[in-house]
Every structure is written in C-alpha cells, then in structure tokens.
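Dear colleague,

Please find the structure below, followed by a short account of what was found in it.

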Amino acid sequence: MFDRTLKIAPSILAADFANFGAECRAVEAEGADWVHVDVMDGHFVPNLTFGPAMCAALRPHIAGVMDVHLMIAPVDPYLEAFAKAGADNITVHVEAGPHIHRTLQAIAALGKTPGVAINPGTPVEAVAELLDLVGLVCVMTVNPGFGGQGFIESQLAKIARLRQMIGDRPVHVEVDGGISAATAPRVAQAGADVLVAGAAVFRGGSAEHPSAYGANIRAIRAAAEAALS
Ligand code: DX5
Ligand code: ZN
C-alpha cells in the first residue's frame, strides 16, 4: 500500500564514513524511516563517495528502505550492480543522460522502485512525462555534491507544482538538501512527504551516543507535522 505519511530519511553523507554500519543501525533505532545513500562520481557532481560495493556492505545494517540517490553519469551501466547491492529505491537524475525514460524502465525491470531527481536549475516540467514510471520524485533543494549547504528557497514553488502534477498517483515527493527543523515546515506545506536530511540529523551525536540523532529526527518531524495540522 502506498503511504504518503511523512518520512524522515537521514543521509549517511553526514555520518562517520569509518563507521557506516553502526551509523545506519543507530539512525534506524532512533526513528529514521528510510536511510538515504548518496552515490557521487566526481563527474556529474564535483565530489566522490562510494559505489555498489559499499551499498552491498550496508544492506545488512539497514532493516528498512535503502534509498539510493545516484549522482553519476552515465548511470545505465551501473543500475544492475546497485539493484544487486540491495537498493530498494534507485533514484537517477533527469539531467544525467538523454534517455531517462529508458533508464527508469530499466530500474523497474530490475524489480526496484525508480526515482527521478531534478536539480535546482531544472524546471519541474522536465519530469512531466515520467510520473507514471516512478515511485518518487526528488526535488534537490541544494545543488547536489555536498552536505551542509543552504536550502534554496526558490524550490518551494517547484515542490508545490510537482505535488499538483502528481495528483493521486502513488508517487512520493522527496526533498533533499538543507532540510532542518527550520525548513521542514515549508517543504511539508508545499507537498513533500519524504524529507532527506544529513547535517540536521547527524549533528551532535555518534553511533555510540545516538540520542542526539533521535532528538534531531523528532524535531524535524514535529516541525513538519505542525505545519500540516
Ligand atoms: C547532496 C546530497 C544530499 C545531502 C544532504 O548532494 O544529495 O543527500 O547529503 O545533506 P544536508 O541535509 O546536510 O544538506
Ligand atoms: Zn541525496
């Protein structure tokens, strides 16, 4: 059953890279709904993280949804590897190649939930023909590549327009970048139901002392839910 209730998806880009397994277990224990995994290639975005081998290594440490955000180009040659690594959602950028429709079909054929992400400079109409193919649209509220950047306010209108375009299709509106208890109310009100947050979740805690993660997740969730009530 499709579930549009609010979800918080901590981005492990802000976790301790030497301790990813324990970090994933800790954020889930502290209330994360999904775990968001940022894959960067140093080409599509100006930063490098890790690939499918890391996703496979993380899989046993994530009980719920592993939400893999691919910031790589080309992407098609790697889809099968990320599917085999155990990703639940595989999100690709609409800007990352000329055949996004085919890429999304390929993800579905691998038995995974296809997602499409759009950069701040890309108009929302770029995904109009894709809404029947995807399980989520990720609106980037920063330029992808780094955690801890400032939220780009102009994306709020895009989120609202996207939510309208989706109508009653079973498609999540995910937002990614600069999400905190301060910005969560506005994105939730605009229609986002999956809130990715890196710095705002992982600050102040560690896998050994994870209570700050719980407090941070609860603060973001409470701020968003208050805006919806
Ligand atoms: C940015 C990544 C995000 C990032 C968000 O390129 O896609 O998932 O980790 O980090 P914060 O929440 O710190 O902006
Ligand atoms: Zn991301």
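In which strand does His36 lie? His36 belongs to strand β2 (residues 34-40); strands are DSSP runs of E with at least two residues, numbered from the N terminus.

Please note that this is a predicted model, in which local features need pLDDT of at least 70 and side-chain atom pairs count only at pLDDT 80 or more, while totals for chains, interfaces and linings use all residues. Residues are numbered from 1 along each chain as its sequence is written, and side-chain values use heavy atoms, with hydrogens and water left out.

The unreviewed UniProt entry lists His36, Asp38, His69 and Asp176 under "binding site"; such annotations may be inferred rather than shown by experiment. These residues are spread over 141 residues of sequence, yet they cluster in space, with a largest C-alpha distance of 10.5 Å.

His36 counts as buried because its relative accessibility is 0% (buried means under 20% relative accessible area, with a 1.4 Å probe and protein chains only). Beyond its neighbours within four places in sequence, His36 is in contact (heavy atoms within 4.5 Å) with residues including His69, Glu174 and Asp176.

Asp176 is found in strand β7 (residues 172-176) and is also buried, at a relative accessible area of 8%. Residues up to four places away in sequence aside, Asp176 touches His36, Asp38 and His69, among others. The side chains of Asp176 and His36 make a polar contact at 3.2 Å (a pair of N or O atoms within 3.5 Å, one able to donate a hydrogen and the other to accept it).

Yours sincerely

Methods
Chains lettered and ligands numbered in written order. Helix = DSSP H or I, 4+ residues; strand = E, 2+ residues; numbered from the N terminus. Buried < 20%, exposed > 50% of the residue type's maximum accessible area, 1.4 Å probe, protein only.
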